[in-house]
Amino acid sequence: QVQLVESGGGLVQAGGSLRLSCAASASSFRFNTMAWYRQAPGKQRVLVAVISSGGTTNYGDSVQGRFTISRDNTKNTVYLQMSSLKPEDTAVYYCYVNGLWGIARVPRNFWGSGTQVTVSA
């Protein structure tokens with residue numbers, strides 16, 4: 001099993017910054033893609049940013065240029081640096097990982113429980 005522990009959420013004023021972290025603990029799991037999604041009240045969960053095992057990144061249009069995703073493969077941790085935050089960034093942010101499980105390399109994916117980010121005007 002893979003456990004994801006998210007931290008770093010909170011309340012911040014518009015224009016401020018926050019850094020989210022997601023530490024993954026696992027055995028016999030080869031991590032591939034790591035990502036952050038978010039879900040605002042009454043809306044669907046959407047991709048914020050994704051990073052491959054090789055470090056290739058992609059971002060949602062609404063956060064391009066403001067957010068930066070990174071990972072530390074030695075710690076199985078993914079980060080999301082959020083800057084120039086806007087009230088519309090308010091949401092629950094979820095960590096997501098996928099990879100290969102065990103000797104048989106079974107594809108699996110896992111979600112964190114989410115961390116609240118609230119941006120006040």
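A disulfide is here a pair of cysteine sulfur atoms within 2.5 Å. The model under discussion is predicted, and by this criterion the count comes to 1 disulfide. The two partners are C22 and C95, with their sulfur atoms 2.1 Å apart. The torsion about the S-S bond is -85°, and the link of C22 and C95 is accordingly described as left-handed. Because C22 belongs to strand β3 (residues 18–25) and C95 to strand β9 (residues 91–101), the pair ties together parts that are 73 residues apart in sequence. Both C22 and C95 are buried.

The charged contacts come next. Side chains of opposite charge can pair when their charged atoms come close. The structure holds 2 salt bridges. In one of them, the side chains of R38 and D89 meet at 2.9 Å, N to O. R38 is located in strand β4 (residues 29–39) and D89 in the loop between β8 (77–82) and β9, so this pair ties together parts that are 51 residues apart in sequence.

D89 also meets R66 in a salt bridge, at 2.8 Å, N to O. Since R66 sits in the loop between β6 (57–59) and β7 (67–72), while D89 lies in the loop between β8 and β9, the parts tied together are 23 residues apart in sequence. Through shared partners, the salt bridges join R38, R66 and D89 into one network.

Notes
Residues numbered from 1 in each chain as written. Predicted model: local features only at pLDDT ≥ 70, side-chain atom pairs only at ≥ 80, totals over all residues. Heavy atoms only, no water. Helix = DSSP H or I, 4+ residues; strand = E, 2+ residues; numbered from the N terminus. Buried < 20%, exposed > 50% of the residue type's maximum accessible area, 1.4 Å probe, protein only. Salt bridge = Lys/Arg side-chain N within 4 Å of Asp/Glu carboxyl O.
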